[in-house]
Each structure stands twice: as structure tokens, then as C-alpha cells.
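Reader: I would like to learn how to read the aromatic contacts in a model. Please start with the overall layout and then go to the rings.

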Amino acid sequence: MPTVSLSSRLRDERGIALIMTLLLAFLVAALAIGAIMMSGNLSLVSRYHSREVALQESADAGLEIGRDSLNRNPGMLPASGDTVITLNAAVRDAQGNVIPGFTRSVYMGRSGGRTGGLGSAGQYGLNLASIVSVISDTRGAVAARRLLMTQESWSKFAVAVNTWPGGVMYGCFEQVQGPFFSNTNLILQGGCSGAGKVLFSGKVSVVGTITNPGSGNFQQGFINPGPSMPWPTSAAFGTMQTFAQQSDAVGGDYDLTPSMGTARVRDPSMRIEFVTVDVNGNGIIDWDEGFMRVWQARTTGLAPLPANNRAYVSARRVGFNPAGAGFTLANDPNAYSENCGLPVGLAGNLHFRSTRAIYDSVRAAGASVALASQIVRDSLRSPTKRCYLGGDPALFGGVGTVAIDTLTPDSAATDPAVLTPRVYGAGWWKSKRTAQSAAVIAKRPGDWQRLIPLTRNPNFKGVIYVNGSVAVSGRLRGRVSIVSQGTIMLADDLTYVTTPGTQCNDQGDILGLLSADSVLIEDNSIQRPFRSTVATIGGAQPWVVSGDLDSKSSENYHAFIFALKDWGGENWTPAEPLLAGEASPSASGGFVKVSGGLIQGFVRIATYGGSAGWQESHTYDVCGASAPPPYFPTTGRYNKNRYYELDPVWLNTMPMDTLFARLQSQ
């Protein structure tokens with residue numbers, strides 16, 4: 001067998017190194033090509049995402065362009081349909097350079113409320129509008145966005161003022177607990193320091209000048225000069241009558257005209273009282289258990305005369321006195337009153353008797369004028385004395401019986417002054433025009449016709465419209481705005497069932513009081529102390545303070561007050577001694593406590609001077625910013641509410657006017 005040498009074998013394998021080198025070169029080339037391809041793909045993906053982000057951000061920028069345009073020119077928002085702000089316009093970056101291939105279209109229109117259509121949009125305090133922004137590029141990519149906006153309500157402010165006259169200022173130690181706005185100036189007392197500085201706990205915006213700013217403690221700073229805002233008009237208030245008329249099929253339950261006309265007076269012939277009824281008997285005042293009742297003064301009659309019928313409505317002091325009795329408005333303002341008196345025994349039962357009824361009955365029994373006058377004055381010093389607003393059930397029934405607590409006398413009983421014992425107040429409780437629920441009839445068989453439902457009526461828009469002046473009081477369960485073309489008089493405490501600021505949703509209680517004139521604290525026998533002459537037969541003694549007949553000295557009003565003119569005390573000039581109990585350190589009427597907000601046309605020295613009137617101690621209801629009273633006036637500015645990303649394919653299936661028609665019908 002032949003043999004092969006080692007050198008010969010190595011010479012036969014000389015080409016393997018070349019092959020290995022080529023294989024390695026191919027591998028390196030493949031890796032390089034792969035890396036290049038991956039790098040190119042990543043670059044393409046990066047450019048794609050960069051362009052996608054640019055599309056989205058350009059669409060978002062279009063929303064802000066639309067919102068800014070609307071806030072600069074609110075009149076551009078159409079009543080219906082939509083407005084084209086830009087159509088296929090070039091898009092610019094932050095430096096103002098045109099972005100190649102991008103075009104933008106921006107559309108604007110109103111949006112409806114939750115219960116259907118544009119008319120309901122403000123029912124929950126929200127006027128809504130939408131902006132749609134669409135961005136396209138030359139390759140067919142599209143980004144579409146919608147911004148739902150809420151129009152800012154005046155109820156976002158704790159205090160807002162349109163004009164600030166000279167001579168009126170915030171004094172040292174005063175406070176504003178919430179956002180503050182002035183369309184003109186803000187004047188602070190000079191020299192306030194330390195804890196005495198005027199405290200502003202919320203944001204402050206003043207269009208004009210701030211006098212003595214060093215006297216203020218601006219915890220969230222202030223903007224000065226800030227942007228001005230248009231002030232509503234009485235005509236704008238008048239447009240809300242439609243919502244009241246839409247609340248019942250017949251009309252008239254919520255669209256009200258006072259019996260003695262539409263004059264802007266401080267002694268209204270109509271009063272509205274909010275009441276609650278535990279219809280289902282569960283011991284809780286549920287959302288649908290709020291009602292109101294309406295008292296109308298009689299326009300004619302023998303005695304009392306119509307002018308005194310007005311006074312009776314809201315327990316005003318009147319000088320209608322019998323000849324020779326010696327009663328005067330200054331000395332004995334309630335000695336011949338139809339609203340004030342005390343329970344007396346009649347046929348074994350206690351019945352409320354007014355001082356007028358007491359005087360007349362004593363005189364009819366043969367007593368002298370002097371003796372009758374003495375008995376009346378003694379009754380006003382009794383610890384059981386009380387005053388009631390006109391038509392109150394307590395004026396017509398036995399004391400402590402069901403009749404006082406639950407039954408409202410009907411017109412047949414209260415209009416003619418022929419009851420025994422005689423009742424002088426001439427007027428009637430307004431009857432409900434539409435059907436009442438069977439549950440309410442079963443619960444209140446005696447007065448169901450006089451109870452006008454609020455939330456129990458599914459058609460109630462939240463607006464009670466009064467074509468004239470009106471007095472208000474009571475306990476509210478519901479979301480309501482009272483709109484008056486006259487003066488709104490605060491006749492007695494006006495409070496919510498739920499604590500203000502604790503339930504900012506569609507079942508939280510909230511009240512708007514909107515007056516085309518003024519909102520004033522009524523100077524009546526219920527909210528102010530009065531003096532009664534201490535007299536003996538044959539001579540008069542010095543006056544004494546009878547005290548506040550409402551069992552407390554402070555007055556509480558849960559409401560957002562909007563007065564196109566002013567808000568304050570009706571008459572706080574006469575000096576009066578201070579009261580004990582809840583009385584403030586310097587005001588005889590005690591504190592006046594508004595839990596809500598005060599929006600007023602102009603500022604005056606509002607509620608007290610010297611020792612007379614009421615000292616202010618208000619709190620801000622935060623629900624005013626997020627859940628305003630129904631159809632409460634707005635500032636005209638729109639804020640962001642919700643943001644939507646729209647599917648371009650879906651959006652391409654309908655014209656833009658079809659989209660806005662859908663939004664406005666919701």
C-alpha cells in the first residue's frame with residue numbers, strides 16, 4: 001500500500017482558508033446590512049411617530065385656538081349649527097414656521113344638556129359648547145379631537161362687584177372667603193396690619209385700581225389689572241321666563257305675577273315659601289320631597305286696606321292703629337298687628353291671637369281704650385309672643401295641633417276675614433294648576449292643592465319667574481333659581497336641607513336669587529327687635545326692648561344672590577339696643593350669614609351702621625363653581641370640561657353639521 005507524506009496532505013488543503021475568509025466576510029456583510037436595515041426602519045418608525053405626535057399636538061393646538069377665539073369674541077358662537085373658524089388652513093409650529101403638508105380645520109358650536117337639547121343645557125348651571133379640530137397631511141393621515149367647554153358661571157365667586165363707588169371700603173378685620181372679582185376698583189381701609197388685614201382667601205381679580213393694597217392679605221395673590229367681563233341686563237333675566245313656562249303644561253305654577261302688579265317695591269304683594277314634606281314617611285327629606293307655596297295679597301277689602309295687605313304678606317310694621325289707642329309706629333309698631341301676637345285660651349284650647357284681634361275683642365267686650373291698649377302691650381312682653389309671615393298656618397289654627405304643623409288653610413278660609421276668632425289677613429294661598437301625585441294627596445289631604453312640587457315635577461326646569469317683587473323664605477330641597485323683575489325681599493331664614501358645599505351634584509340643594517333690581521333683608525317684625533311702650537293705665541313709661549320674635553338674633557340665607565343693583569339691609573338706620581345670644585358685638589340685629597355668594601351691581605354700606613342692622617358673616621359655597629343654580633348668569637368665558645379623541649374613520653362618515661346637530665340634541 002502506497003504511503004502519503006504529511007506535507008503532501010497539507011498541500012491538498014490549501015484552499016480552505018480562503019473559503020473561511022469568504023464565509024466570514026459574508027457574515028459580517030449580512031450583519032452590517034441587517035444593522036443598516038434595522039437602523040433605517042427605526043428611523044422610519046421614529047419619523048412616523050414624530051409625525052403622529054405632530055398631528056395630535058396640532059389638533060390639540062386647534063382646540064386652544066378655538067377656545068381663545070371664543071373667549072375673545074363670544075358672539076361668534078352660533079345659536080344653532082356650527083361655525084367654521086378655519087378650513088384647511090396651514091399649520092404653524094411654535095416658532096411660526098409652516099409645517100409642510102399639514103392642514104387644519106376648526107369648527108365650533110353649542111352642545112346640549114343631559115335632558116335633551118340646547119334649552120336644557122343651563123338647567124344644571126352649565127352652558128356647553130364644543131370645538132372640533134381636524135388635522136390632515138398629504139399622505140392621508142388624520143387626527144381629530146373634540147373639546148367640551150363649560151361657560152363660567154358668576155356663582156364661582158364669593159363676591160363679585162360691577163361698580164365700586166367712592167366712600168365704600170372693606171374695613172380692617174373683614175374677610176372674603178372665596179374668589180373675588182371687581183369690574184372696576186377695590187378699596188381697602190388704610191392702615192390695616194397683622195391679623196387686622198382684610199383677608200381674601202381665594203383668587204382676586206380687579207380690573208381697575210386697588211386702593212391701599214398693603215391693607216389686604218391676599219392668600220392666593222391678585223391680578224391687577226385683570227380682564228373685564230360683561231355685566232348681565234334685566235332683559236337677559238327676562239329670557240328665563242320661558243324656562244318657568246315650560247315647567248308645567250298649563251302654565252302659571254312657576255310663572256308668577258304678584259296680585260298688586262309688577263312694580264319694583266319693597267313691600268311685595270306676593271311671597272314664596274319653600275317647604276318640605278316627608279311623602280314616603282321614611283324620616284328623611286329625599287330629593288323629590290321639596291315643594292313651595294305662594295301667598296298672594298288681596299287687592300281690595302274693607303279693612304285692612306290694600307296697603308296693609310301688602311304689609312301683612314311679609315310681617316312689616318305698619319302704622320294702622322285705632323283712634324285714641326295711643327299706638328304709634330315708633331313706640332308700638334306691633335300693637336295692632338295682624339302678624340304678631342300669642343296663644344290664648346279659647347273654649348279650652350290654645351289659639352294664636354294677633355294683637356289686633358286681642359285689642360278688638362277686648363274693646364268689643366266693653367273695655368276702655370286704655371285697658372285694651374294695656375292688655376296688648378302686656379301681651380308683647382310675654383315670653384310666648386311670636387310673629388309670623390302672612391298666611392302662615394299658625395295664624396289660623398289651634399296651637400300645637402296638626403293644623404299648624406301640616407295644614408295650609410285654603411282660599412275659602414283665608415281670603416274672607418270672617419273666621420271665628422276673626423282673622424284679618426286678606427289674601428290666599430295659590431292653588432296648583434296641574435295634577436298632584438296621589439302620594440302627596442294621601443300625605444297632605446288638607447293642603448295638597450297649595451303645594452307646588454319642585455323636583456317631584458319631572459318637567460321642572462329649575463326656574464321660578466316673578467314678574468314683580470317677591471318675598472322669600474323657607475327650607476329648600478332642590479335646585480332652584482328665583483328670577484324677579486322687581487325686588488327680592490329676604491323675609492325670614494332661607495336654608496337648605498343639605499349643608500351648603502357638601503353635595504355638589506344634581507341632587508344637592510342650591511338656590512339662585514336673581515333680581516333685576518335689588519335683594520334686600522326685610523326690615524320686618526320677624527328679623528329685627530322692636531320696642532314696646534311699657535304703659536300703665538293713665539300714663540306711659542320708658543320703652544323696653546321686646547326682643548327678636550324669631551327666637552334668635554342672626555339671620556341665615558343659603559343662596560347665591562345676584563342683584564343687578566345692590567344687596568343689603570332694607571333699613572338699618574334707627575339705633576337699637578344690642579340683643580343677647582347670637583347678637584354680634586356691634587349690630588342689634590345680630591349676624592347676617594349668607595352661605596353662597598354675593599354678586600351685585602354696586603357696593604354700599606350694606607347691612608348695618610352703628611348698632612343698628614346686621615353684621616355680616618358670610619361663607620362661600622364651593623358648589624357654585626361646579627354645580628351652579630339653574631340657568632345662573634355666566635361671565636361669557638369658557639373653560640375646559642372634557643377632552644375627546646375622535647375616530648377619523650367614523651368622523652369621515654358624516655358632515656360636520658351632522659355631528660354638531662347630534663351634540664346639540666343631547
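Author: This predicted model has 13 helices and 37 strands in its chain. Of its 666 residues, 50% count as buried. The accessible surface comes to about 28,800 Å², with 56% of that belonging to carbon and sulfur atoms.

Reader: What share of the contacts with a separation of 6 or more comes from residues 24 or more positions apart?

Author: Such residues account for 67% of those contacts.

Reader: How is a pair of aromatic rings described?

Author: Two quantities are used: the distance of the centres and the angle of the planes. In this chain the count comes to 21 aromatic pairs. One of them joins Y170 and F200, at 5.9 Å centre to centre and 85° between the planes. Planes over 60 degrees apart count as edge-to-face, so this pair is edge-to-face.

Reader: Which parts of the chain does the pair of Y170 and F200 tie together?

Author: Y170 lies in the loop between strand 5 (159-163) and strand 6 (175-176), while F200 is in strand 9 (residues 198-200), so the pair links parts that are 30 residues apart in sequence.

Reader: Are Y170 and F200 buried or exposed?

Author: Both Y170 and F200 are buried.

Reader: Which residues form one aromatic cluster?

Author: W154, F157, F181, W231, F237, F560, F562 and F632 do.

Reader: Where do the charged ends of R146 and R293 sit?

Author: The charged end of R146 is over the ring of Y644, 4.2 Å from its centre. For R293, the charged end sits over the ring of W429, 4.9 Å from the ring's centre.

Technical notes:
Residues are numbered from 1 along each chain as its sequence is written. This is a predicted model: local features need pLDDT of at least 70, side-chain atom pairs count only at pLDDT 80 or more; totals for chains, interfaces and linings use all residues. Side-chain values use heavy atoms; hydrogens and water are left out. Rings of Phe, Tyr and Trp (its six-membered ring) pair if their centres lie within 6.5 Å; planes under 30 degrees apart count as stacked, over 60 as edge-to-face and the rest as tilted. Helices (H or I, at least four residues) and strands (E, at least two) are DSSP runs, numbered from the N terminus. Buried means under 20% relative accessible area, exposed over 50%, partly exposed in between (1.4 Å probe, protein chains only). A charge sits over a ring if NZ of Lys or CZ of Arg is within 6 Å of the ring centre and within 35 degrees of the ring normal. Contact means heavy atoms within 4.5 Å. Accessible areas come from the Shrake-Rupley method with a 1.4 Å probe; for residues, only the protein chains shown count as cover.
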